[in-house]
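The sequence and structure come first, followed by the notes.

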Amino acid sequence: MSKVLYEIYIDSIFLINFILNIFLLTLTAKTLNRTATRRRIIAISAVGALGYCIILCLPLSYSGKILIGLIPVSVGMAKLTFNTKGVRGIIRETGYLFVYAFLLGGVMLFLLKRFSFLNRHSGKIWCVLGVAYIIYSTLDYVGKKHRSRKANPFCKVFIPCGDKEVVITALIDTGNGLKEPVTGKPVSILEEKIWEQLKPLMREEKLKVIPYHSVGNSHGMMEGYELPGLIVEQEAQKVCYEKVIVGVCQGQISSGKRYQMILHPELLENK
């Protein structure tokens, strides 16, 4: 019996998997409300695509490639992208990654076989990636609609201070554009009474002066500090952020005492 030989264009396979990984990681991040910069997603997508190409060339059976190669690569992509601590979190993120991969791949195969025009060009990169982008955009749109109905702008923040930990409620404010003028780092706002509980962290070398604008005060100056780190908890997931700059707000931040801190949205994107 003669053997069937296949010609594989590894560069095309790498490009397709690279783009698809970007779609899958982006959808997973948005669904789980996890923060990951574009650079991180692009870098991990490239690593994942390279891993897939290497596994494809290994002399293993299809099931062997899945068990030994693709599953570890997917787990590694989720871990490196979101930097999650704990087995449960990694399993959750990898699970969503597989769900979106199944949806994306399944719908792509259906469309490429169902429509004659797509079927004729199914071997071309632009056709495959074009169909993939349409499916990605549809899933992203549906996800945004769903998230807008259940969005929660509040989260728990844990600030280590010596042998204790200060726990507060924070508002994630997309309207907060405050930046530290020297480094350009995002500045979160902390209530003065909370800052008084963090006296061991009040070191002069960490003092910063932050200009701000507000209603009734067009040129204000706010005292700020660089915290060694804090932990943000969202949907039972805890993520640690280091060297966080906070501005100290005199008085209460929230009139109803619902929250004691305003987190800068870019802080959550810079992990």
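## Strand pairing and burial

Strand β3 and strand β7 (residues 261-263) are joined by two bridges and run antiparallel. Within this pairing, I189 has I262 of β7 as its bridge partner. The model is predicted. On β6, β3 has a parallel neighbour, with five bridges between the two strands. Here L190 stands opposite V248 of β6.

| Partner of β3 | Direction | Bridges | Example pair |
|---|---|---|---|
| β7 | antiparallel | two bridges | I189 and I262 |

How many of the residues of β3 (residues 187-191) are buried? Five of its five residues are, and the strand is described as mostly covered. The cover extends to both faces: V187, I189 and E191 are buried on one side, and S188 and L190 are buried on the other.

Strand β6 spans residues 237-249 and contains K243. K243 is not a glycine, yet its phi is positive, at about 50°. Most residues other than glycine have a negative phi. The relative accessible area of K243 is 53%, and the residue counts as exposed because the cut-off for that class is over 50%.

Helix α2 covers residues 38-56, 19 residues in total. From its first C-alpha to its last it reaches 27 Å, close to the 27 Å expected at 1.5 Å a residue. Its buried residues are I41, I44, S45, G48, A49, G51, C53 and I55. In an α-helix, residues three or four places apart point the same way, because there are 3.6 residues a turn.

Definitions and conventions:
Residues are numbered from 1 along each chain as its sequence is written. This is a predicted model: local features need pLDDT of at least 70, side-chain atom pairs count only at pLDDT 80 or more; totals for chains, interfaces and linings use all residues. Side-chain values use heavy atoms; hydrogens and water are left out. Helices (H or I, at least four residues) and strands (E, at least two) are DSSP runs, numbered from the N terminus. The expected span of a helix is 1.5 Å times one less than its number of residues. Buried means under 20% relative accessible area, exposed over 50%, partly exposed in between (1.4 Å probe, protein chains only). Two strands pair if DSSP finds at least two bridges between them.
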